[in-house]
Amino acid sequence: MAARRSSINLREVVINPANLKCSSLPLLSLRNQYSINFHLAWLGFFVAFLSWFAFAPLIPDVIKQDLKLTSAQVGNSNVVSLCATLFVRMIAGPLVDRYGPRKVMAGLLVLGAIPSGLAGTAHTANGLYFVRFFIGILGGTFVTCQAWTTAFFDKNVVGRANALAGGWGNAGGGVTFVVMIALYNRLLSAGLRPGLAWRTAFVVVPVPSLLLVATAIMIFGTDHPAGKWSDRHKAIAHPRGLAEPEDEKACTTPDDSKDDPEKKGDLADIQVTVEPAQDLNMVSELDYAINEPLTLKLALKVISTPLTWLPALGYLTTFGYELAIDANLANVYLALYKSKTFGQTKAGYLASIFGFLNFFTRPLGGYFGDLVYRRWGVPGKKYLMIFLGIAQGLLSLGLGVYIDSHHHPSLTVIIILIIILAMANEAANGVNFSLVPHCNPCSNGFMSGIVGGMGNLGGIIFALVFRFQPVPIGKAFWICGVIALVCSI
């Protein structure tokens with residue numbers, strides 16, 4: 001019961017001595033390595049959106065006019081951006097298993113900052129494709145974010161930890177819409193012409209944010225509860241069971257304490273409880289699984305198991321859909337309602353709602369994932385994910401039919417439908433990555449890369465649907481809904 005109570009305590013650190021993972025969520029404290037790494041994980045993913053999605057709110061109007069783009073070229077640039085992320089996520093997974101999520105995340109942020117600083121050099125459609133392709137590197141930070149929190153949090157809270165980190169990071173997509181539009185308007189009011197204003201906006205916000213967070217990750221972050229990533233095997237007390245009481249002291253003192261933030265400065269006074277998580281009466285492979293470097297034999301084993309493709313196909317339809325909506329929703333609003341009083345600014349702010357909802361919808365999915373796990377185990381998470389995927393498909397289908405059946409669809413109705421749709425979609429994303437740690441846990445980085453990459457493949461598929469559907473674009477929504485329904489069923 002102690003562990004159950006502590007999982008609700010947002011300050012107390014409860015450590016499972018079997019693997020040194022945290023069985024609580026001490027989110028309101030920064031005086032332990034679990035909280036520090038959790039917040040760095042979602043922050044790294046969050047700032048990636050400041051560049052990765054920076055084009056979305058500005059491209060339907062100002063960038064389109066400045067570069068003299070056609071609507072088809074705008075759609076092509078959205079697809080190109082997602083293609084790069086697909087490849088990077090597949091590569092990032094094996095790199096995480098070998099070098100750890102902290103170093104890989106910092107590296108991705110630094111690499112992504114380079115094309116972000118060069119965004120303003122685009123003057124043609126091909127230049128835009130080139131820049132957006134390499135900025136897509138930043139989408140790989142999702143894999144490192146989820147692998148990092150999985151490495152630090154135990155099976156009873158890993159769903160919430162992953163969903164909170166992913167949701168708060170994903171909310172960066174909504175924040176980006178507001179920040180880039182507000183900054184662009186501010187630069188216009190300062191006297192800059194539109195073409196120069198949008199180019200300057202990329203240099204002012206995304207680049208410094210990426211480099212600052214990358215530096216913080218390397219200075220304050222930790223590779224693993226045991227210290228260095230190379231020492232991760234030392235965290236396991238007994239391969240298939242919990243540590244004996246006499247072993248607890250040894251289990252809570254990693255060999256490389258110099259890399260443990262709890263041992264730095266005045267962080268040692270944080271309240272830490274070392275005890276097995278007793279709110280689950282089941283033994284999980286997560287109790288003793290350790291990320292192993294990827295080999296051909298291991299890769300073939302992971303790829304050939306249905307446990308890999310269950311969440312991968314689910315993520316294709318849920319996160320892939322979210323990516324396509326984030327990239328196209330502002331353009332949809334403009335196509336349906338553009339007038340003297342409804343322009344780029346209003347469309348961007350309304351589109352940002354979809355991303356902002358991630359602050360609580362994705363964490364809610366992770367919470368329910370942990371909840372059903374207590375009673376029904378891993379199958380509970382699986383069926384919850386499938387149920388939400390079906391709900392998303394039905395809602396998208398209904399939204400598309402509504403738009404196509406009304407010559408002047410109500411903006412209020414569309415916003416309400418979008419909000420309900422976002423709740424189902426983003427909660428499904430949260431449940432999905434509460435399920436992923438249970439699938440191939442010894443290759444969690446590779447597994448996260450496959451699932452994350454499939455999410456981007458879904459983004460490409462759904463973006464192509466929007467790319468080839470004319471206004472009023474309702475058909476694009478119901479086609480995406482049918483795809484989600486078929487995959488889920």
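These questions and answers walk through one predicted model. Local features need pLDDT of at least 70, side-chain atom pairs count only at pLDDT 80 or more, and totals for chains, interfaces and linings use all residues. Residues are numbered from 1 along each chain as its sequence is written, and side-chain values use heavy atoms, with hydrogens and water left out.

Reader: How many helices and strands does the chain have?
Author: Both are DSSP runs, numbered from the N terminus: helices are H or I of at least four residues, strands E of at least two. The chain has 19 helices and two strands.

Reader: Is G227 buried or exposed?
Author: G227 sits in the loop between α11 (206-220) and α12 (248-251). Buried means under 20% relative accessible area, exposed over 50%, and partly exposed in between, with a 1.4 Å probe and protein chains only. G227 has 1% relative accessibility, so it counts as buried.

Reader: What percentage of the chain's residues count as buried?
Author: The same cut-off, under 20%, applies here. The chain has 489 residues. The buried share is 62%.

Reader: Why does α5 count as roughly antiparallel to α7?
Author: Axes are lines fitted to C-alpha atoms, for helices over the stretch in contact, and angles run from 0 to 180 degrees between N-to-C directions. Angles under 35 degrees count as roughly parallel, over 145 as roughly antiparallel, 65 to 115 as roughly perpendicular and the rest as oblique. Helix α5 (residues 101-117) and helix α7 (residues 141-152) have axes 9 Å apart, and their angle is about 155 degrees. That makes the pair roughly antiparallel.

Reader: Which residues of α7 does α5 meet?
Author: Contact means heavy atoms within 4.5 Å. From α5 come P101, R102, V104, M105, L108 and L109. In α7 they meet T141, T144, C145, A147 and W148.
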